[in-house]
Amino acid sequence: MKPIDFRTNPESYHHWRLEIDADVARLIMDVSENDGLFSGYELKLNSYDLGVDIELYDAIQRLRFEHPEIKVVILESGKDQVFCAGANIRMLASANHVHKVNFCKFTNETRNAMEDATEHSGQVYITAIKGTCAGGGYELALATGYIILADDGSSSVALPEVPLLAVLPGTGGLTRITDKRKVRRDLADVFCTTEEGIKGQRAKDWRLVDEIVPLSQFDDCVSAKTRQLCDNRSDSSDQQGITLNPIGREISDSGITYSTLHIAVDRNNKVATFIIDGPTDYADLSLESLNQSGDQFWLLCLTRELDDAILHLRLNEPELGTLVFKSMGSIAAVAHYDAFIQNNLDNHLVREMVLYWKRTMKRLDLTSRSLITLIEQGSCFAGFLAELVFGADRAYMLEGQHEDDEREPAALKISQSNFDLFPMSNGISRLETRFHSDTERLKPVQKTIGLALEAEQCETLGLVTFIYDDMDWDEEIRIFLEERASFSPDSMVGLEANLRFSGPETMETKIFGRLTAWQNWIFQRPNAVGEDGALKRYGTGKKGVFDPQRV
Amino acid sequence: MSIDKISYDTLIPNNVNLSSDRRVLKALEQWHPQYIDWWKTMGPDGFQDAEVYLRTAISVETKGWAKFGYVKMPDYRWGILLAPQEEGRKIPFGEHKGEDVWQEVPGEYRAMLRRLLVIQGDTEPASVEQQRFLGATAPSLYDLRNVFQVNVEEGRHLWAMVYLLQKYFGRDGREEAHELLRRRSGDKDAPRMLGAFNEETPDWLSFFMFAFFTDRDGKMQLESLAQSGFDPLARTCRFMLTEEAHHMFVGESGVGRIIQRTCETMQQAGIDDPFDTEKIRQLSVIDLPTIQKKANLHYSLSLDLFGSEVSTNAANFYNASLKGRFKETKLTDDHRLDNTTYPVLKLVNGALTMVDEPALTALNMRLRDDYVDDCARGIRRWNKIVANNGVEFEFKLPHTGFNRQIGQFANVDISPQGEILKPNDWQIARNNFLPSTDDGEFIALLMRQETRRGKFAEWIAPPKSGVDNQAGDFEYVRLS
Ligand SMILES: [Fe+2]
Ligand SMILES: [Fe+2]
């Protein structure tokens, strides 16, 4: 089967139109029925599948990097009568579980990216709804900062998953109506069990939308709101966008090669080893060189490639259960890159790179594979790159030198950025999460900022799991990887997800840790996906048959 | 070649290329001094400077595995010797049956294998600790030398397990190797892992019984591990078995010589009734019923070492192709045990009943059955000595449910004959089943050191032939 490709650009979109007008962008959803990712279903009524989301994700990314002048992004429908009918039900009914889970996860991450842009990039997303806005369509609206609903007696918002399909509004829906929109729980209960949804004044009264507008005034109101939001934003017209050119990659049996990243695949042990090609020098690191390099700037290049690789492995290589991270390059150079971004956070492009690295690290946290980082001689885990160490399920560090390797012993460098710039979905840094916000353990770590820490120090500080010398290294790593591959993939996923996200709950952690977990459970249950389940029976005219037992 | 390498290869006879194995050498550099320290504090008490006529294995060839000579025990050359590698050996059982044997630890089974090694390894030094005071009451130089021979070989068995831990299990293995020296028999804080290895060995009859019954459990365990798909373990155990056979010889012949002495003394004194304990004891020999009670005790303690009759662990070890059955390769079945059953003696509604259990989970029971057969053969040889002396007495193995702490019969009182008794009745009859305090005190009175050349304590007959064909008055131990 052809691998699912996450690389696209506006010229190749099937389902969206991106219109730019000065500081306002319109993202018009106009799903092409016959361009679904797989055969066997038609994307009627602006329903979507993963392919539609891939384009949406691309558009959000481009708006941030290519169009810093944009202040407001309006989501609207290109079809009459319908805004969006949500995820395509026939697609859901026919997709295998692995695909379904990964599809929902990516959808959630894309919605989070809209909120991240609204909050941190000065690009506010708003939704203008005419027609039906149901299920995943309304969940999409929920991820924007402001919802305007046409008050025409037929336009409505709805979360019909429960009554219609016996599943949940699982891509953020339940969490966002309560935690974000503060809808009262009993009203939310009514709303989520009412198939046809809620319209007009009641939708506003219940806080399901922010504004209702008569059809005749709809466009004017949207414009007015847009203007108001733009005026509240600081002027960013001097900031230059860059172009995100297509990511080059070569896939073979033995791995994937990008420009700053190589992934070696070991199917026997079900391991994908990421080897990050770090910088070797930092002589001309400056804003000028950054602007000149554009998307070829090492950090941006790496982030895009890493992002693409993670998504590729998630969807196309479900059996590679362990991701091993290694890096090669000058640790001093990476530390300079780290200092450079810290010193230039007011630069649009720098800020976007930081945010993108943050999101990519979150994507890794949410990747249901064992994450293992190996710190060896010649590796360059410093600052932002060290997030791969702190975010790993286990990190191993070589103590001393290999017998035949003259290079300096392996080192690790912590920076202030590890504390400030890359919070996890729980809202705190990986280091803080690692040490459970225990200042007793965090303080000594903070004191080492900027120092090249060798294995023993890292072990003492609790930054790595185990250190091994040259004599033990190969054997210990081999045995560990073999052992990992022998465990049940399900229990590994469950174990890792539970251990990764200690600390506070946030809307994000609730969505991924609670809502999706429930949704994925329901997706496995006969009431939804059994032969007589509601999802399977959808469209046959027959209702689903339920096992009455509450579990 | 560095000095280290030279000294290590002479110091430690081995067939594993020790001098070129940086990793193991480094680990041994740490462990070796700790081991010598352990030997000096926990090894034979009062004989560290004595010169003992010991056998040292310096290679696995027939010529090399039994080199005799005088040596001070702390200078003994504990070697690392594995039986020769069999070309093209295939895994003989379990899920991986038919695959090439593993020369490296499969990551999947690292934890399981490590546990097997640690459990086996823990028993080896334990008996040295249990037997450390026996020298003070040795009945002869010949016996003194024998207990020391057993001791140094148990020490070598510890080395064998430690080598595997250090060679194949990295840091965890090194830590476990250290722990093997930290745990001590009978220690309140860090005892040995298995019950029988925390019991005292108060006298020489106990020692011989231990060598007969408990070392035989060791033999059965080694036999099953010698089948392992992890080839270094299989080879190690195969070589250990040659030494273990000698330990059982010491036990069986030791008890045999005591029986011999008792019977011939009874004959000379004209005592026909073997149960006329008082009269017999006046002759300073140990009466046969007391010997039977000692056998009852050591047999039942050793049965506990086989673990629960029905055991998931045993099933896992087998299925993972790590620990096989006694004589696995000689058995004719599928060597997977997917669908077969094995009869297990159980307590069902208060009655002893044979119940068919899945053969995979009944492996402990099966190994125990093989062990019982093996013990019975030795008992028959003891009875032959009794009969040859014209005494009417028969030694019997007690029922497998007698005096058990582990498994099906842990909470039920069963007599040596296999009747289920009320707890009270069992307590009343206890001193007929197991050695009493009086029995112990009587034996203790007999235990007096005899170190004159060619002399033996009055309660034990001399052996038929000497060690290494030495004459009867050979000086097996030169006391300093
Ligand atoms: Fe042994
Ligand atoms: Fe032994």
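**Exercise 1. How many positive and negative side chains does chain A have, and how far apart do the centres of the two sets lie?**

Step 1: decide what counts. Lys and Arg are positive, Asp and Glu negative, while His and the chain ends are not counted. Step 2: place each charge at NZ of Lys, CZ of Arg, CG of Asp or CD of Glu. Step 3: read the result. Chain A has 58 positive and 86 negative side chains, with the two centres 8 Å apart.

Before you go on: this is a predicted model, where local features need pLDDT of at least 70, side-chain atom pairs count only at pLDDT 80 or more, and totals for chains, interfaces and linings use all residues. Residues are numbered from 1 along each chain as its sequence is written, chains are lettered from A and ligands numbered from 1 in the order in which they are written, and side-chain values use heavy atoms, without hydrogens and water.

**Exercise 2. Which radius of gyration does chain A have, and why does it agree with a compact globule?**

Step 1: Step 2: compare. For 551 residues the rule gives a value near 24 Å, and chain A has 24 Å, so the two agree.

**Exercise 3. Is Thr201(B) buried or exposed?**

Step 1: recall the cut-offs: buried is under 20% relative accessible area, exposed over 50%, partly exposed in between (1.4 Å probe, protein chains only). Step 2: apply them. Thr201(B) has 9% relative accessibility and therefore counts as buried. Step 3: look around. Leaving out residues up to four places away in sequence, Thr201(B) touches residues including Gln130(B) and Phe207(B) (contact means heavy atoms within 4.5 Å).

**Exercise 4. What does the model score?**

Solution: ipTM is 0.81 and pTM 0.89.

Terms used:
The radius of gyration is taken over C-alpha atoms; the globule rule is 2.2 Å times the number of residues to the power 0.38.
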